[in-house]
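This note is written for a colleague who is meeting the structure for the first time. Please keep the sequence and the model in view while reading.

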Amino acid sequence: MGLSAYTTDERRLVAPFAYGDASQTEECRFLRDGQAFWGNHPLLRQLRRGDHSVVVDGVSGSGRTALAQMLPLEYVNDPADLFVQVEAGVERLKIVEQVAEQLWRFIRLQPLFLGRPQEREKQKLAGFLATWLDSDRLNVGLSRTLEGLNRDQTLRENRLGARELGQFQSLLPSSPAPRPPLAGDDWFHVFLEPAHILGFANVVFIIILRSPAHLAWLEKLGVLKTLYDRGIHVWLFVDDDDNKFRENIPIVLHETPGVAYDLRLAWEEKHLSAFRAMLNWRYEKYLDAAPDLVPRRERRRALANCFDRREADLSRLIAASKANGEYNPRRFMALWRVAVGDKRVDEKITTADIDRALSGGGDT
């Protein structure tokens, strides 16, 4: 899994909840490599389709950034729509590069989709990737993917995937074309055709908005109604603690039809089972990434097994992570870090450890 931030040398229990902010590099790596955030929150079912724009808000520490980091990953993507994480404030050139990167990731994960386009279309797709991505990365990535597929040629899917990737590699130009200018309101056509070639109906930009300046940047991307008409949608993630900021978002999106504004990431009492599932999922994915820590046969209820009194102690820590009527993932992680201290995986979290964490309120 490559979770280098979560070293197994010390077998420290803090690892799966070591970072409380998904904007941190180490946490981003854990979310990406460990696929370790989600617990089937009902909101996720509302974010399956990418044929419209949405605004998702939530309090600080609710996991909005983690959700935004997760949505473009392959295990959530609907093959009908291409989800691309776009950093607010970047230039158009960077956006096209990010779209190209996501298309490249998809090809390596789903090489059989290369069997659908015509030869001329595949040549256009190869030219687009060669223009916007580093050629060495393209060829190294292809070679590694082919190597993995060729390890088990007994699977028909692997054989077909290897054939498609090999043919696609031969289409990559040795000398990529110069990058076209991205001026004007139709700049997005640069990446729309390659996305359509792979069968994506819509392109969805996942954007975390952190300041009013980001709204001005959003307007400069182009007429949002025009983007919508072409199948380009924006999914905005904002902090609902900043009411003035949120009130300005509808002004920017006012001509964009069908925007869903009433989406909120909250872990209320009715979401308790989803909150527990999210915590369990994160811990189990950590164990999957470090298989030497706990034998697989002992991973049932692995998170509760970290506590001296098992479910009773875990429930107590979860209850303490509630603030203003909502459970808060960041607060749970802060309490966890204080409670476990320097404990190792095989050391139990005691009632006294929890008392110490609660008396200090965590390290938030």
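1. Basis of the note. The model is predicted, so local features need pLDDT of at least 70 and side-chain atom pairs count only at pLDDT 80 or more, while totals for chains, interfaces and linings use all residues. Residues are numbered from 1 along each chain as its sequence is written, and side-chain values use heavy atoms, with hydrogens and water left out.

2. The sheet. Five strands form an open sheet in the order E2-E3-E4-E1-E5, with parallel pairing. Strands (E, at least two residues) and helices (H or I, at least four) are DSSP runs numbered from the N terminus, and two strands pair if DSSP finds at least two bridges between them. Strand E2 (81-85) and strand E5 (260-264) are the edge strands; each has a single partner, so one side of each has no neighbour in the sheet. From one strand to the next the twist averages 20 degrees.

3. Strand E1. Residues 54-58 form E1, which pairs with strand E4 (residues 232-239) in the parallel sense over 5 bridges; here Asp 57 stands opposite Val 238. E1 is joined to E5, also parallel, by 3 bridges, and Val 56 faces Leu 263 across that pairing. Because 5 of the 5 residues of E1 are buried, the strand is largely enclosed by the rest of the structure. Buried means under 20% relative accessible area (1.4 Å probe, protein chains only). Val 54, Val 56 and Gly 58 point one way, whereas Val 55 and Asp 57 point the other way.

4. Gln 102. This residue belongs to helix H4 (residues 92-109) and is buried, with a relative accessible area of 5%.

5. The largest pocket. About 670 Å³ of space lies in this pocket, an open set of points on a 1 Å grid where a 1.4 Å probe fits, with protein on both sides within 12 Å along at least five of seven lines. It is lined by 23 residues (an atom within 4 Å of a point), and the closest to its centre are Gln 69, Gln 85, Val 86, Gln 98 and Arg 105. H4 gives the most to the lining, with 6 residues.

Terms used. Axes are lines fitted to C-alpha atoms, for helices over the stretch in contact, and angles run from 0 to 180 degrees between N-to-C directions. Buried means under 20% relative accessible area, exposed over 50%, partly exposed in between (1.4 Å probe, protein chains only). Grid points are joined across faces, edges and corners, and a volume is the space filled by probe spheres set on the points.
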